[in-house]
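Dear colleague,

Please find below the structure that I am handing over to you. My notes on what was found follow it.

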Amino acid sequence: MNTTMTDKTVLVTGANRGIGHALVSEALRRGAKRIYAGTRQSMASVDERVVPIALDITNRSQIEGAARDVGSLDLLINNAGVGLYDDLNDRATLDAHLAVNLYGPYDMIQAFLPALTASHGAIVNVLSIASLAALPVIPSYSVSKAAAFSLTQNLRPLLAGHDVSIHAVLVGPTDTDMSRGFEVPKVSAAFAASAILDGVNAGEEEIFPHPMLQAVAQSWRSGEIKSLERQFATLIDAAAVAS
């Protein structure tokens, strides 16, 4: 795996803490040439290969400016996210989750697609196991991550024509600020980051970076829903031929 990141240029959103910060460290360990660390807050770096950039993924002008500043890119990791407790009684809370967890990655992909097409690069959307099984104590989060998972699935055959791969990370309980209130077995952010990059290297379309999710991963990859996704993806080629 270490050779995969060698001399690559990577952009990680939400890079100042949690899984995002661990992804920056892991990409450095694996030999990345340059890492753009996107964050809404200032971030210091002790490695000259890390370039902090001010990036609020709900701000289109900042996204467009980042795309101009970054230029070439091999790997886009949409990691920034929000997860708040709610009960689906407040539309504003749902909108806030969708703005960050769905529309943010969408706008990032649109802005950086030319660079990723040029490099035949990859996109990683850091999602959640709540994308598949709703977590009703944080329902707005679950809804937004499920929508982002559908976005990933829909983009996969569409981006294939650009020779750009897209990977969905179905994160399980991880020792970060977001999951601090859940008393369940957790992996470290460093473990999750390593598993994510391993999954990208292995070409896994869905990455499950938690040991307790391996049974889920196996059933998903061999299940009828994944098979149906692949069947539906062939409609893109059929539509192109028909046109």
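A residue is called buried under 20% relative accessible area, exposed over 50%, and partly exposed in between (1.4 Å probe, protein chains only). By this definition Leu88 is partly exposed, with a relative accessible area of 45%.

This is a predicted model, in which local features need pLDDT of at least 70, side-chain atom pairs count only at pLDDT 80 or more, and totals for chains, interfaces and linings use all residues. Residues are numbered from 1 along each chain as its sequence is written, and side-chain values use heavy atoms, with hydrogens and water left out.

Leu88 belongs to the loop between strand 4 (75-78) and helix 4 (91-119); helices (H or I, at least four residues) and strands (E, at least two) are DSSP runs, numbered from the N terminus. The phi angle of Leu88 is near 65 degrees, a positive value in a residue other than glycine. His120, in the loop between helix 4 and strand 5, also has a positive phi, near 55 degrees.

Seven strands make an open sheet with parallel pairing, in the order 3-2-1-4-5-6-7; two strands pair if DSSP finds at least two bridges between them. Strand 3 (50-54) and strand 7 (206-207) each have a single partner strand, so one side of each is left without a neighbour in the sheet. Strand 5 (residues 122-126) pairs with strand 6 (residues 165-169) over five bridges, and Val126 stands opposite Val169 in strand 6.

Finally, Val137 lies in the loop between strand 5 and helix 5 and is partly exposed, at 41% relative accessibility.

Yours sincerely
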